[in-house]
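I kept a notebook while going through this model. Here are the entries, in the order in which I looked things up.

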Amino acid sequence: VVQRIARRVLLLVPVLLGASVCTFLLMHAAPGTPFDGDKITPEVRANLLRQYGFDRPYPEQYVRYLGSLLRGDLGMSVKMTGEPVARIIGQRFPVSLQLGLVAALIMVAVGIPLGVLGALRQNSWVDHAALSLALLGYSLPIFVLGLLLLLWLSSGLHLLPVGGWGQPSQFIMPAFALGIGPASMIARLTRASMLEVIHQDFVRTAHAKGLPGHLVVTRHAVRNALIPVVTVIGAQVGWLVTGSFIVEYMFSIPGLGQMFVLSAENLDYPLIMGLALFYVTIVAITNIAVDAAYVLANPRLRVG
Amino acid sequence: MRQIARLCGLLLAAGLVGCTAPAPSAGQTGASASGAATPAAAAPTTNPKPAAAAAGGGQRKVLRVMQPSQTDTLDPAVVINPWSIQPVEDLFEPLTTLDANNIIQPSVAKSWAVSQDGLTWTFNLRSDVKFSNGDPVTARDFVYELNRQAWPETKSSYVFELEVIQGTKEVESGATREISGVKALDDYTLQFTLTEPAAYFLAMTATFTFAPVSQKAVEQFGDQWATPGNIVTNGAFLLKSWDRGTQIQMDANPNFFGGKPQIDGIEINFVPDPQTALLKYENGELDVVDIPDADFQRISQDATLSKQMHRSPLLQARWIAFNVSKPPFDNQALREAIAYSVDRQKLSDLAFSGTVEAACTEAPPNMIWGGKPPFCWPAPDAARAKQKLAEAGYPNGQGLPSVQFGVRNIPSNVRAVENVTSQIKAALGWEIAVNPMTPQAMNALRKNGNPDKQIIVGTWGLDYNDPQEWFGPLYGSKQAFNYSDISDPDIDGLLKKAQGLNDQQQRYQIYTDIEQIMLNKMYVVPLWQEAANYLVKPNVHNFAYSVAYLPSLKNVAMD
């Protein structure tokens, strides 16, 4: 098991290399430079490019970047003067992480019970209600949901502050807006998976040997039905904790999602590179963790 | 390239691993499910960091404003966008300042004089100005800051504005370290030597480029000098905190040489979504807010909010720039035909719902005419338009070429050009294609001398209030921003004459004459002037935009 995970972790190196080459090429393929103000003169622009080393041939720039990366240096932001990229990520990621984890909690706490309930009462009004709710949650775009929340809870009822970051009360709306879509997806997935499992032989056996209904559900059906769900939850968590631009934009949250867009708008080369590599690492680690959990949980996967 | 593609494929695969892993159908996965849920369950106990600031509790009068983007830097030498310039102007006080009527007034400099030849400017500084660390502000602090801006390693974007000072270019190129044209004659006398007579130089001294910076602070803290705890300033407000993602807080400077501000502090909130910002204002979380275009009509009709609406026309204009050096628009009668077809009021009403000012002249009227332009471009007149079209050699529109109207791909601007072209079509029957372009493509097309350019939206805005900054770069022959490719000896002569004059009234008259030539030759057709539309709570007084584009906060008072 350890060997298997170690191999996956080692694979991260070529993945990161590939990601860095792709990002590097894409950002330099974008027209313009970080210094394209309306009035800036060609001489001043040339000096700025030279000072940052952006006038060098691309291969040389890339190798230099890789060199400092190996020394653990992600470079300095071009637009946020005096701010190292590592510090920007260090300040922004915890914000997105906290928000993403609360949203993930909502996803699991709402999605799974709703799905299980729907499957157990298949085609009853409970099932229909759960399914409709999930469909609504899944198809409502974040920017509509977010705006509705702001209008009802802040503007209408004056219960919560309009966006911002720092107080627990400022968590509620964005986490809900972020988590409700994935929760709906998990609910539908759990329901489908449950329906498949409760019609299988081992469940019938459990019923036949006289096990009480609620134990059959919790011990046998739900555990097995959640296997495919866990995979999706893992991928979703990776996505949630790296920050959503729309939610951060609407609720004025200083997370990574806003940084992504801002860095691309500004063509802040070192920041774009640093964020892309960080994102790839987080997603890869999440996936490795999900796979590891799988292997641990399923003896059949431990061989080979 | 193939290797790159493969690497990219690998990357993609990494993202998909989670989905492609085999899904086991049985086993003790209860453990893994609860395992996945654990970090989430732990989340509520990880307390968010304590609130940076709840808005002014108790008796403190703190003005809460917003800006749509974060502040990137507080170092006056490297700021480039308004979201950094606003706080820098609150923190630093330059040589001179603008009053409410946009007249230059003494600030750190108590008086100044210019030599007969217009080349030497001498400023006498107040001796009671202090930095926030208690050090006196002397002429040497200005010299240091101007030199520092020109040093290549400072990476200043605005340094070209200093090039009118003798010796700046030598420092920019790295040949020397000190601008020869800036000298501290003694602690309180600062002297500039210019490369040519430049009356607009005085207006420049009211900008953050001419603010003093403490050499001690910069040398002690390096690139971290402009952060809370390290920064040393001389302005009306002191930096209290700066959370890069959310807000800046400032306290009134009790020792400000211009007198302590009437409010106790400022809070600049970064609110990217204009709708959210408006909700914050309506919810009482902001004292001032920009009005999103989409809400302009609703707010204008709202009984309460409409009383809190304010508008400041900005020194930013948009106009039709013809390429007057190439057919078809080298034909003055054709340009006049277009001028008579455009209804600017209709444009402002229909394309902008009234959020901008319908232009009457090409230059903003509040630049030198106190808001009242001396004359106007002609009012729309379909009959005259047709007549001019025939004069131009296209009777009833026969033989009109197909042309492309270039515009930046900003939705409101594209909408405006569509409105203009439909007006031209209605008047002349001439169908002009609209060509929305990226900023980079537009920068390349509009460049002076580019033969591909036919007709575009000209755009310009001022960083400091002086007409030279407007007419010089836009209409001097061969100037980079002379989008219309105008090469008019009369204009060139007037520009040169105005530059050497120190009498403001005489200078303004010359610039008015240039504007008159622009009209007589119909080099351009004005379209609209940008305006700031914002809401201010009734308990806030003296909140006003400086003429350029930013509010000046040091005179604000609150009930």
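**Entry 1: a sheet in chain B.** I started with an open sheet of four strands in chain B, in the order β4-β5-β7-β6, with antiparallel pairing. Strands here are DSSP runs of E of at least two residues, helices are runs of H or I of at least four, and both are numbered from the N terminus. Two strands pair if DSSP finds at least two bridges between them. At the edges I found β4 (109-114) and β6 (182-186) of chain B, each with a single partner strand, so one side of each has no neighbour in the sheet. From one strand to the next, the twist averages 20°. Angles run from 0 to 180 degrees between N-to-C directions, and axes are lines fitted to C-alpha atoms, for helices over the stretch in contact.

I then looked at one pairing: β4(B) and β5 (residues 120-125) of chain B run antiparallel and are joined by five bridges. Across it, A113(B) stands opposite T122(B). Helix α4 (residues 139-150) of chain B packs on the sheet and touches β5, β6 and β7 (189-193) of that chain. The direction of this helix makes about 165° with that of β6(B). Contact means heavy atoms within 4.5 Å.

**Entry 2: ground rules.** I am reading a predicted model, where local features need pLDDT of at least 70 and side-chain atom pairs count only at pLDDT 80 or more, while totals for chains, interfaces and linings use all residues. Residues are numbered from 1 along each chain as its sequence is written, chains are lettered from A and ligands numbered from 1 in the order in which they are written, and side-chain values use heavy atoms, with hydrogens and water left out.

**Entry 3: the cores.** Which residues have the most contacts inside the largest nonpolar core? They are L63(B), F123(B), I165(B), F192(B) and F543(B), in a core of 161 residues. Helix α4 (residues 85-120) of chain A gives the largest share, 16 residues. Such a core is a set of buried Ala, Val, Leu, Ile, Met, Phe, Trp, Tyr and Cys residues joined through side-chain atoms within 4.5 Å. Buried means under 20% relative accessible area, exposed over 50%, and partly exposed in between (1.4 Å probe, protein chains only).

Beyond four places in sequence, I165(B) has contacts that include I179(B), V182(B), F192(B), F201(B) and F210(B). I also noted a second, separate core of 75 residues, with F322(B), F352(B), A498(B) and I514(B) among them.

**Entry 4: G111(A).** This glycine sits in helix α4 of chain A. G111(A) is buried, at a relative accessible area of 0%. Leaving out residues up to four places away, G111(A) touches I106(A), A183(A), I186(A), A187(A) and T190(A).

**Entry 5: aromatic rings.** I found 32 aromatic pairs over all chains. Rings of Phe, Tyr and Trp (its six-membered ring) pair if their centres lie within 6.5 Å; planes under 30 degrees apart are stacked, over 60 edge-to-face, and the rest tilted.

The rings of F260(A) and Y279(A) are edge-to-face, with centres 5.5 Å apart and planes at 90°. F260(A) is partly exposed at 25%, and Y279(A) is partly exposed at 30%.

W460(B) and F481(B) make a tilted pair, with centres 5.0 Å apart and planes at 45°. W460(B) is buried at 5%, and F481(B) is buried at 18%.

Last, I noted one aromatic cluster formed by W112(B), W121(B), F123(B), F192(B), F201(B) and F210(B).
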